[in-house]
Amino acid sequence: MGILYDDVVIIRHSEKEGDPAVITVNCPDKTGLGCDLCRIILFFGLSIVRGDVSTDGKWCYIVFWVVGKSTTRWGLLKKRLVGACPSCSSASGISYYTAELQPPRPPDVFLLKLACHDRKGLLHDVTGVLCELELTIKKVKVSTTPDGRVMDLFFVTDTRELLHTNKRKEDTYDHLRAVMGNSMISCDIEMVGPEITACSAESSFLPTAITENILPLQMPDELPSSLTSTSVSVIMDNLLSPAHTLVQIVCQDHKGLLYDIMRTLKDYNIQISYGRFYIKHRRTCEIDLFIMQADGKKIVDPNKQKALSSRLEMELVRPLRVAVVSRGPDTELMVANPVELSGKGRPLVFHDITLALTMLNSCIFSAEIRRRMIGDREFEVYRVLLDEGEGLAVPRRKIEEQVWKMLMGWEQ
């Protein structure tokens, strides 16, 4: 029949402060499951310090050792992890897991229009509220008027699928009002039609000058060490296992490391039969993965091996692209976040960007998030125009480095 619903995800809390909690997932397997689980864990602000994955292609057993904040909502985390596993049905009043019959319906998109008086850190506070409420920002347009008023337009989806109800809308208003106080002028939420949803989801190409000089898709010959993860080694071996290709990765830890590996393998339609991840001394990570192609065979083609290893190295050295550039008299921060083939992007990027700028006391004049094509890949591109006032107090290189460190989890 299956496994009991409550046993699909088990969370064992740490007995000592500072020790990791243990998350165990035991369910039917599906393509990209590891990526989806890592993305949810990353969204909840947790870091994976160790992991074990084992599957026979039909059933999987995954264990994550995680550390994070004392405010983690463990019950909600479990609910989201269970939701990422193959769907369940009810038998005799007890929920069991069964195979998915059809792909999920795309979520409804809502437009949140927020008018308020400007102040430092405002956009980060608003972004924090939306993250807490599990409202995913798909697109944003922020503009500031000369008299200090701000108009924020957020296209969001609701993980809880309740934003169409008055209760959920009022709850969102109340949370925003609590953090904004008298700064709030008005707030409105409405569902957008399919034509607007389709338009907001379209990806356009960035100008060549930006993609080649500012956000290059390929690895440049030289990059500032402060804007890359260092010492990445990817080795592939077909001799150790008769049925699998072994991928051995050694690199420096960063926030979302395991997610970056899993999303890359998911995009290449690679299956993991067994894997182990752990952090050693000085934040050095070692990952061993026994993988095979969708047809159940090893990766023996040298060109395919080179393509996969190069892509893994690129995603671990530079999981996001960050640049601060001049736009005439203005200064613009640009961040490119790779999007999975499934359409999902790395979570909390805008939250981390606004937090880094708040810590630097840098004011945001306008901001925009849009899906863009760079080469043959889709990215979420964040463009933030900074308010320099009488002059930019913070050097551009420092802004670039601070945002990068925040995104990588190296800010502490």
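A disulfide here is a pair of cysteine sulfur atoms within 2.5 Å, and by this rule the count comes to 0. The structure is a predicted model, where local features need pLDDT of at least 70 and side-chain atom pairs count only at pLDDT 80 or more, while totals for chains, interfaces and linings use all residues. Residues are numbered from 1 along each chain as its sequence is written, and side-chain values use heavy atoms, with hydrogens and water left out.

**Cysteines**
- C27 is buried, at 0% relative accessible area (buried means under 20%, with a 1.4 Å probe and protein chains only).
- The closest cysteine sulfur to that of C27 belongs to C85, and at 3.6 Å this is too far for a bond.

**Nonpolar cores**
- A nonpolar core is a set of buried Ala, Val, Leu, Ile, Met, Phe, Trp, Tyr and Cys residues joined through side-chain atoms within 4.5 Å.
- The largest has 52 residues, and I23, F64, I249 and I261 have the most contacts inside it.
- Helix 1 (residues 33–43) gives the most to this core, with 7 residues; helices are DSSP runs of H or I, at least four residues, numbered from the N terminus.
- Apart from this core lies another, of 48 residues, including L112, L133, L163 and V394.
- Leaving aside neighbours within four places in sequence, I249 is in contact with residues including V234, I261, I287 and L316 (contact means heavy atoms within 4.5 Å).

Conventions. Buried < 20%, exposed > 50% of the residue type's maximum accessible area, 1.4 Å probe, protein only. Helix = DSSP H or I, 4+ residues; strand = E, 2+ residues; numbered from the N terminus.
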